[in-house]
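Here are my notes on the model you sent. They are set out as numbered points, to be read with the structure open.

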Amino acid sequence: MNAYAQVAGTPLGGSTPPLDMSIYGLFLQADWVVKAVMIALLLASFWSWAIIFEKMFRLRSLKKSAQSFEDTFWSGVSLEDLYDRVGSKPEDPMSSVFSAAMREWRRSLSKGLAASATARAALRQRIEQVMSVTIQREMEAIEKRLGFLATVGANAVFVGLFGTVWGIMNSFGHIAQSKNTSLAVVAPGISEALFATAIGLVAAIPAASAYNILSGQVMRYSQQLEAFAGEFITILSRQLEEQG
């Protein structure tokens, strides 16, 4: 029985040797251009997942920090005490907006730059400008590397298709040289080529989906910062009018 199995498993003279159709085998048998495309797509996919997890944890942490800060802000604590507690260089964006506004508020009042109505209006504009610049800077840091997800989501499939087209062209070249059009000769080359498109889809689908979800969360967080800035400048304006 063992001798029979050994004879049956031995390829006949002139027949096509068995090919490894596993994922690793398809990669090893692919042309070097297709291999380069596959490696680039796999690296892009790994980096995309790293960005996705980093942004997910970062946004979750920012939401908790913002909620905690707003609870403290609206608890009735004085602005001066809260500023002393937060410090001049807080880590979360909402505290940074508050700190930047309070820093300009204290500096202007200490120099007597809110004595007249014109000076108070100018102070309000400066505080609004400071908070706007702070929000923009913080959002740029939060949105960093989101563009890579958009690029992978939009282009990975086309890069994979390039590898597929190249692989199919290479396969037809081998078919022309061997003058054998049997399915056993054609199928392996086409499988190797299509594998590049499959990797492109694996890279593109999570990246595009995550970009849409994360972009929505980032936009809502930006709106939350702007809403807080609007409420805070209203409070400061009221205090300026009371002092005038």
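**Notes on the predicted model**

1. Thr-181 has a relative accessibility of 67%, so this residue counts as exposed. Bear in mind throughout that the model is predicted. Thr-181 belongs to the loop that joins α7 and α8. Once residues up to four places away in sequence are set aside, Thr-181 touches Ile-175 and Val-186.

2. Another loop residue to look at is Arg-145, located between α6 and α7. The phi angle of Arg-145 is near 75°, which is a positive value in a residue other than glycine. With a relative accessibility of 34%, Arg-145 is classed as partly exposed.

3. Next, the aromatic residues. Searching the whole structure gives 11 aromatic pairs. One of them joins Phe-69 and Phe-228: the ring centres are 5.6 Å apart and the planes stand at 80°, so the pair is edge-to-face. Phe-69 is part of helix α3 (residues 32-73) and Phe-228 is part of helix α8 (residues 183-243), so this pair ties together parts that are 159 residues apart in sequence. Both residues fall under the 20% limit for buried: Phe-69 has a relative accessibility of 6%, and Phe-228 has 1%.

4. A further edge-to-face pair is made by Phe-73 and Trp-74, with ring centres 4.9 Å apart and planes at 90°. Are these two residues buried, exposed or partly exposed? Phe-73 is buried, at 6% relative accessible area, whereas Trp-74 is partly exposed, at 48%.

5. These pairs belong to a wider arrangement. Phe-69, Phe-73, Trp-74, Phe-98, Phe-228 and Phe-232 are linked into a cluster by ring pairs. Phe-73 also has contacts beyond its neighbours within four places in sequence: Leu-79, Leu-82, Phe-98, Phe-228, Phe-232 and Ile-235.

6. Which residues have the most contacts inside the largest nonpolar core? They are Phe-73, Phe-98 and Phe-232, in a core of 52 residues. Two or more residues of this core come from each of α3, α4 (79-86), α5 (93-110), α6 (117-142), α7 (146-178) and α8. The most come from α8, which gives 18 residues. As background, nonpolar side chains in soluble globular proteins tend to be buried together.

7. A separate contact involves a charge and a ring. The charged end of Lys-35 sits over the ring of Phe-27, at 5.9 Å from the ring centre. The limit for this kind of contact is 6 Å.

8. Last, the second largest pocket, with a volume of about 160 Å³. Its lining consists of Ile-52, Met-56, Leu-59, Arg-60, Lys-63, Pro-206, Ser-209, Ala-210, Ile-213, Leu-214 and Gln-217. The elements that give two or more residues to this lining are α3 and α8. Which of the elements gives the most to the lining of the second largest pocket? That is α8, with six residues.

9. Two points to check together in the viewer are the following. Phe-73 is in the ring-pair cluster and is among the residues with the most contacts inside the core.

How values were computed:
Residues numbered from 1 in each chain as written. Predicted model: local features only at pLDDT ≥ 70, side-chain atom pairs only at ≥ 80, totals over all residues. Heavy atoms only, no water. Phe/Tyr/Trp six-rings, centres within 6.5 Å; stacked < 30°, edge-to-face > 60°. Helix = DSSP H or I, 4+ residues; strand = E, 2+ residues; numbered from the N terminus. Buried < 20%, exposed > 50% of the residue type's maximum accessible area, 1.4 Å probe, protein only. Lys NZ or Arg CZ within 6 Å of the ring centre and 35° of its normal. Core = buried A, V, L, I, M, F, W, Y, C linked by side-chain atoms within 4.5 Å. Contact = heavy atoms within 4.5 Å. 1 Å grid on protein atoms, 1.4 Å probe; cavity = no way out; pocket = protein on both sides within 12 Å on 5 of 7 lines; lining within 4 Å. Points joined across faces, edges and corners; volume = space filled by probe spheres on them.
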